[in-house]
Amino acid sequence: MNIVAGLQNKNNTEAYQLLLLLEKESAESDALYGNFEDFVGLLKNKSSFVRTRGFRLACAQARWDVEDKLAANMEMLLDMLDDEKPTAVRQCLEALQGVVRYKPQLVGDIEKRLDTMDLKKYKDSMRPLIAADMAALRELYGKESVT
């Protein structure tokens, strides 16, 4: 099966199930690290669902990123934090937790982007949720920098 095609499946339920399977595999081994560029390529898709899947899987490779591919693509990845879909932004903020854990040298870039995020474009009901996700991420790297 072609992973990229599966992640772009029009059936979002099937594509999401594949995402979860690939994230689990990424947590256990570096088997998908060779697909990093494919995951980053999904960030250019018109579908917010597909872009978010690509972001999550790229971040899921942080533990295995011996070639610093995350650092090389960090600006494009962090552009997802400006996505028009607040649910996409929330998922991206959660996925960045793995990056903070395994690639602490990228915390500065992440922090700068968090500092410039404009939450006014989101509905009032979503702003506090995104702000809480941002705070959770900041707390994580705050703890990381102390240890």
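Which residues does valine 50 touch, not counting residues up to four places away in sequence? Valine 50 touches Leu7, Gln8, Leu42 and Asn45, where contact means heavy atoms within 4.5 Å. The legends below place this residue and others in a predicted model, in which local features need pLDDT of at least 70, side-chain atom pairs count only at pLDDT 80 or more, and totals for chains, interfaces and linings use all residues. Residues are numbered from 1 along each chain as its sequence is written, and side-chain values use heavy atoms, with hydrogens and water left out.

**Figure 1. The whole chain.** The protein chain holds 8 helices and 0 strands, helices being DSSP runs of H or I with at least four residues and strands DSSP runs of E with at least two, numbered from the N terminus. The radius of gyration is 15 Å, close to the 15 Å that the globule rule gives for 147 residues, so the protein chain is as compact as a globular protein of that length. This radius is taken over C-alpha atoms, and the rule is 2.2 Å times the number of residues to the power 0.38. The C-alpha trace spans about 40 × 35 × 20 Å along its principal axes. Of the contacts with a separation of 6 or more, 69% are between residues 24 or more positions apart.

Figure 2. Buried residues make up 44% of the 147 residues. Here buried means under 20% relative accessible area, exposed over 50%, and partly exposed in between (1.4 Å probe, protein chains only). There are 21 positive and 24 negative side chains, and the centres of the two sets lie 5 Å apart. Lys and Arg count as positive and Asp and Glu as negative, while His and the chain ends are not counted; each charge is placed at NZ of Lys, CZ of Arg, CG of Asp or CD of Glu.

**Figure 3. The nonpolar core.** The largest nonpolar core has 44 residues, and those with the most contacts inside it include Leu7, Phe55 and Ile110. Such a core is a set of buried Ala, Val, Leu, Ile, Met, Phe, Trp, Tyr and Cys residues joined through side-chain atoms within 4.5 Å. Helix 6 gives the largest share of this core, 8 residues. Apart from neighbours within four places in sequence, isoleucine 110 is in contact with Met74, Leu78, Leu96, Val99, Val100 and Leu137.

**Figure 4. Valine 4 and valine 50.** Valine 4 has its place in helix 1, and valine 50 lies in helix 4. Valine 50 is buried, with a relative accessible area of 4%. With neighbours within four places left aside, valine 4 is in contact with Asp38 and Leu42. Valine 4 and glycine 54 are 50 residues apart in sequence and 8.9 Å apart in space, C-alpha to C-alpha.

**Figure 5. Two aspartates.** Aspartate 68 lies in the loop between helix 4 and helix 5 and has a positive phi of about 55° although it is not a glycine. Its relative accessibility of 38% makes aspartate 68 partly exposed. Aspartate 133, in helix 8, counts as buried at 17% relative accessibility. Beyond its neighbours within four places in sequence, aspartate 133 is in contact with Arg90 and Leu93.
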